[in-house]
Amino acid sequence: MTELAWGAEAWSEVRASLDRCIKCTVCETACPVAAVTELFPGPKTVGPQAERFRTGGQSPDLSVDYCSGCGICSRVCPQDVRIAELNSRARSELKRERGAPLRDQLVARPGLLGRAGRPVAPLFNWAMANSLIRWAGERTIGIHRKAPVPRSTTRTFSYWVGHHVGTRSARRVVYFHGCSTQWYEPHVGQKVTAILEHNGYQVVIPKQDCCGLPLQSNGLFPAARKAVTRLARQLVPDGTSDLPVIASSTSCGLMLKREAREILGADSPELRSVSQRTYDIFEFLLELHQRGELRTDFKPVPLTVAYHAPCQQQNQLIGKPALEILRLIPGLRLVELDRSCCGIAGTYGVKREKYEIAMRVGEPLFADIQAEGPDLVACDSETCRWQISAATGATSVHPLEILHRAYGGS
Amino acid sequence: MNALDTDVLVIGGGSTGAGVAWDSALRGLHVTLVDRQDFATGTSGRFHGLLHSGGRYAVKDPGSARECAAENRILRQVAADCLEDTGGLFVSTPEDDLEYADRFLAAARAAGMEIEEVPVGVALRDEPRLNPKIRRAFRVQDGSIDSWKMISALLRGAQAHGAKVLPYHKVVKVIRQGDRVEGAVMEDQRTGEEVRVNAGCVVNAAGAWSGQVAQLAGCEVGVRPGKGVMVAINHRLARAVLNRCHLPSDGDIIVPVRTVSVIGTTDHPVADPDDTECSPEEVHQMIEAGELLVPGFKESRALRVWSGSRPLLPKTEGAAGAGDREVSRSHTVLDHGARDGLEGLVTIAGGKFTTLRLMAEDTVDVVVRKLGRGAECRTRTEVLPGSESHHFYWIGNRQQEAESDPPDDPLICECELVSQHDLDTVVARRPNWRLDDIRRALRVGMGPCQGGFCAFRVAGMLHQEGRYGRAEANSALREFVQERWKGVKVISWGAQARQTRLDRWIFEGVYDLEHLPE
Ligand SMILES: Cc1cc2nc3c(=O)[nH]c(=O)nc-3n(C[C@H](O)[C@H](O)[C@H](O)COP(=O)(O)OP(=O)(O)OC[C@H]3O[C@@H](n4cnc5c(N)ncnc54)[C@H](O)[C@@H]3O)c2cc1C
Ligand code: SF4
Ligand code: SF4
Ligand code: SF4
């Protein structure tokens with residue numbers, strides 16, 4: 001893919017990319033949503049074709065809302081048409097015109113949901129598990145009653161950070177943990193810190209808010225733009241302006257690397273700088289390994305782990321670094337799940353009208369998992385893990401957790 | 001030979017002829033309208049698509065500016081469905097004289113145009129692709145015209161008032177009885193049959209060909225065809241019409257028409273109005289010119305190139321032919337009775353698409369006087385069929401409709417969103433459709449792939465329905481594809497070259513188009 005300009009110009013370039021479409025239909029055959037529902041006419045149709053019929057201010061098509069934003073189309077297009085980016089923008093226009101429903105506003109602010117849930121976490125989790133209340137939720141705010149919803153914790157990640165005594169080192173990294181670690185899965189953040197410290201790094205963990213990705217995927221662009229530029233500022237505490245920024249949430253990492261620029265058209269000096277320095281955690285570890293700097297004092301992990309590379313990680317165009325690192329672990333039987341999408345695509349699959357579609361999209365993946373019957377499913381994206389567990393009953397973990405275990409963690 | 005009787009025979013089914021037919025029919029006259037080809041295939045189907053605000057003429061030709069401003073207002077009232085209300089901007093690019101902008105503003109106001117200067121920042125916010133170096137910007141009431149929609153609405157309106165329309169009927173002879181023209185003989189271009197039409201009055205509305213038609217009647221009309229080249233760019237680079245604010249020259253307007261942006265145009269005298277060749281130099285000139293209004297224009301995908309011929313009349317003709325009503329300089333009604341002593345023939349020449357209504361009014365005024373009957377002109381207020389709701393045509397209409405198409409109504413042309421149902425509806429309207437007629441009616445094959453994916457579908461379906469025999473379907477397909485390629489060969493670079501390659505693989509590799517059985 002070609003590199004886009006920063007700021008408002010990015011959109012002009014994305015739009016201009018529609019000129020490159022030669023109607024070859026490659027994207028149509030790869031889109032997981034078009035494959036399972038007639039409600040979505042497919043990437044070529046809603047992307048480069050429909051875009052020609054759009055002018056600002058009035059959206060002619062609603063079906064673009066069924067695009068999950070998984071980004072597969074943009075990745076497979078041989079002509080570098082930025083299909084998924086075109087769709088994102090069109091969705092945002094649609095929401096701007098018609099107003100986003102309350103449900104979009106709610107799932108788009110995980111911090112809000114997480115914060116609301118926290119002091120009463122057990123009660124919240126019970127409520128989310130209770131089908132009657134979930135059913136009421138579907139009725140009133142349109143979150144599907146069976147959709148995977150995270151469990152809140154009573155202690156946030158930043159609470160742990162406040163009590164953590166880190167190692168000091170000349171080799172330092174900044175850790176961008178994202179909201180799900182903060183509100184739902186603080187153990188992921190603890191393990192990332194431990195792994196990096198084990199490899200001799202001092203981990204700088206600045207106070208940080210949401211990257212704005214959920215706002216973006218629900219079409220709330222101005223708010224998302226604000227969020228990501230604020231986050232970029234937060235990720236450059238004094239004296240860290242040249243450190244690698246490590247992301248353990250693939251989607252949030254992608255936001256900093258590409259989407260803030262390519263979809264939101266955001267721009268700020270901090271964002272440009274952070275964007276260039278952002279690494280997926282496994283991308284970073286793989287580079288260490290390639291330089292011979294990764295510690296490989298692994299204990300055997302006698303488990304069968306099925307690994308799913310989520311779309312948002314694939315969209316970083318870094319291959320599947322987690323797979324390569326996990327392969328180093330003795331005793332581990334690693335199965336690569338070669339399926340494109342689990343269906344959830346961020347918050348897409350939790351919406352009432354999209355839930356069934358998302359489940360059908362994930363069907364081939366779920367079937368592979370069930371056929372394999374692994375001890376664990378590993379996947380870098382939190383929402384995908386929730387979806388996979390909800391759909392298959394399998395226990396899913398961040399691949400980090402397996403690495404952490406190989407390093408002797410519990 | 002078949003013979004028909006009519007009050008008014010109109011020769012030429014472009015915007016002018018269709019306007020004359022509508023106007024006469026509304027006045028209670030019986031009209032017959034003929035064209036040697038399908039309607040809207042002359043200059044009217046090959047023009048730039050601009051509903052003039054008048055701005056282009058404000059400084060140089062205030063009379064035309066005033067006419068455009070007034071007619072623009074009327075057409076918006078009576079023909080909304082054929083127009084898109086894009087609005088327009090006149091901008092001073094770094095190469096344009098700022099002093100001209102002041103003169104322009106004053107002249108535009110004097111011509112009765114609605115015009116407003118907007119801060120450069122506002123213009124750039126509205127039009128992100130506009131050259132950021134512009135120094136002044138004026139908002140005007142430009143729009144775009146869908147020529148097919150307009151002409152077909154005029155024809156439907158006329159037909160509803162009793163008019164008869166005959167496409168593919170070429171006038172081969174004008175019937176003269178001494179000093180009187182009494183009608184004409186047409187040859188059906190599809191069957192070779194001849195038809196005679198006896199008329200109380202013949203209107204020569206053959207545009208750039210009106211000299212040729214006048215010659216058939218034995219008189220001279222000095223129209224000089226002036227060729228203009230246009231290039232369509234794959235998508236809209238701007239929402240509004242973009243005009244350079246300077247004395248009119250080549251390639252200084254970009255018009256958003258349907259899904260494309262059209263840059264134009266040039267003006268070269270040619271001997272034959274059927275000369276539609278576009279040279280690579282002319283194309284290059286347009287593309288370069290676009291760069292000044294929209295930086296990066298050159299990198300945009302050019303879809304198609306075409307040219308049309310202006311029916312220009314030397315100024316002397318205007319003075320000689322004016323009737324008792326003062327006729328503007330932009331068009332002229334030649335009463336051959338007064339001019340050449342030949343009664344029963346009127347030529348309308350010059351003008352613009354934008355002023356078609358006024359041209360028709362002026363012409364039919366003369367016709368009514370000659371026939372001694374016919375009512376007052378009603379076209380100022382009579383709304384055209386399809387425009388009753390007064391909603392302007394909007395670029396998103398097709399996309400919106402395609403959304404509600406039932407799933408069992410597949411798209412045939414994906415670029416222009418034409419469904420099988422659309423095709424069926426159109427072909428049922430009249431017999432003997434050529435693929436190219438269907439293209440004009442539905443825009444099949446007008447999108448980025450230029451027929452690569454839809455032409456064979458349409459030919460195949462028409463064959464399946466028994467409308468085309470095998471040989472007919474094959475040759476129709478070949479003819480259509482060759483015609484489309486003519487328009488793309490001079491712009492085959494970048495994305496369009498890749499598309500052409502793929503299309504060729506489909507037509508030559510998969511269908512072996514060159515060797516399909518006759
Ligand atoms: C390059 C270019 C760009 C232009 N852009 C604009 C613009 O943006 N806005 C605007 O308002 N105006 C524009 N104009 C002007 C406008 O397009 C023309 O003035 C208008 O379309 C002329 O229409 P018409 O009906 O007089 O001629 P035509 O549309 O040419 O119609 C004449 C018809 O006569 C038929 N004919 C010829 N000979 C015979 C025969 N022997 N028997 C039967 N039929 C015959 C032809 O087939 C043809 O269909 C442009 C002109 C040109 C050349
Ligand atoms: S893959 Fe790319 S070029 Fe092919 S149809 Fe899709 S958008 Fe167009
Ligand atoms: S982003 Fe995913 S769902 Fe959307 S069109 Fe592309 S492939 Fe399909
Ligand atoms: S996508 Fe996740 S969740 Fe990542 S930081 Fe951003 S929310 Fe906030």
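Chain A has 22 helices and 8 strands, where helices (H or I, at least four residues) and strands (E, at least two) are DSSP runs numbered from the N terminus. This is a predicted model, in which local features need pLDDT of at least 70 and side-chain atom pairs count only at pLDDT 80 or more, while totals for chains, interfaces and linings use all residues. Residues are numbered from 1 along each chain as its sequence is written, chains are lettered from A and ligands numbered from 1 in the order in which they are written, and side-chain values use heavy atoms, with hydrogens and water left out.

The model scores ipTM 0.86 and pTM 0.86. In terms of pLDDT, the predictor's confidence in each residue from 0 to 100, chain A has a mean of 86, with 87% of its residues reaching 70 or more, and chain B averages 92, with 97% of the residues scoring at least 70. Some stretches call for care: pLDDT stays under 50 over residues 116–137 of chain A, and it also stays under 50 over residues 319–328 of chain B.

Of the 410 residues in chain A, 62% are buried, meaning that they have under 20% relative accessible area (1.4 Å probe, protein chains only). Counting as contacts heavy atoms within 4.5 Å, and taking those in chain A between residues at least 6 apart in sequence, 76% join residues at least 24 apart.

Turning to a helix pair, the axes of helix 3 (residues 43–51) and helix 5 (residues 83–98) of chain A come within 9 Å and cross at roughly 70 degrees, the axes being lines fitted to C-alpha atoms over the stretch in contact, with angles running from 0 to 180 degrees between N-to-C directions. Helix 3 of chain A is therefore roughly perpendicular to helix 5 of chain A, a label given to angles of 65 to 115 degrees. Helix 3 contributes A:Pro43, A:Val46, A:Gly47, A:Pro48 and A:Glu51 to the contact, and helix 5 contributes A:Ile83, A:Leu86 and A:Asn87.

Helix 3 of chain A also takes part in the shell around ligand 2, to which helix 2 (26–30) and helix 3 each supply at least two residues. In that shell 14 residues surround ligand 2, the closest being A:Cys21, A:Cys24, A:Thr25, A:Cys27 and A:Cys77.

Definitions and conventions. Angles under 35 degrees count as roughly parallel, over 145 as roughly antiparallel, 65 to 115 as roughly perpendicular and the rest as oblique. A residue is near a molecule or strand if one of its heavy atoms lies within 4 Å of it. Buried means under 20% relative accessible area, exposed over 50%, partly exposed in between (1.4 Å probe, protein chains only).
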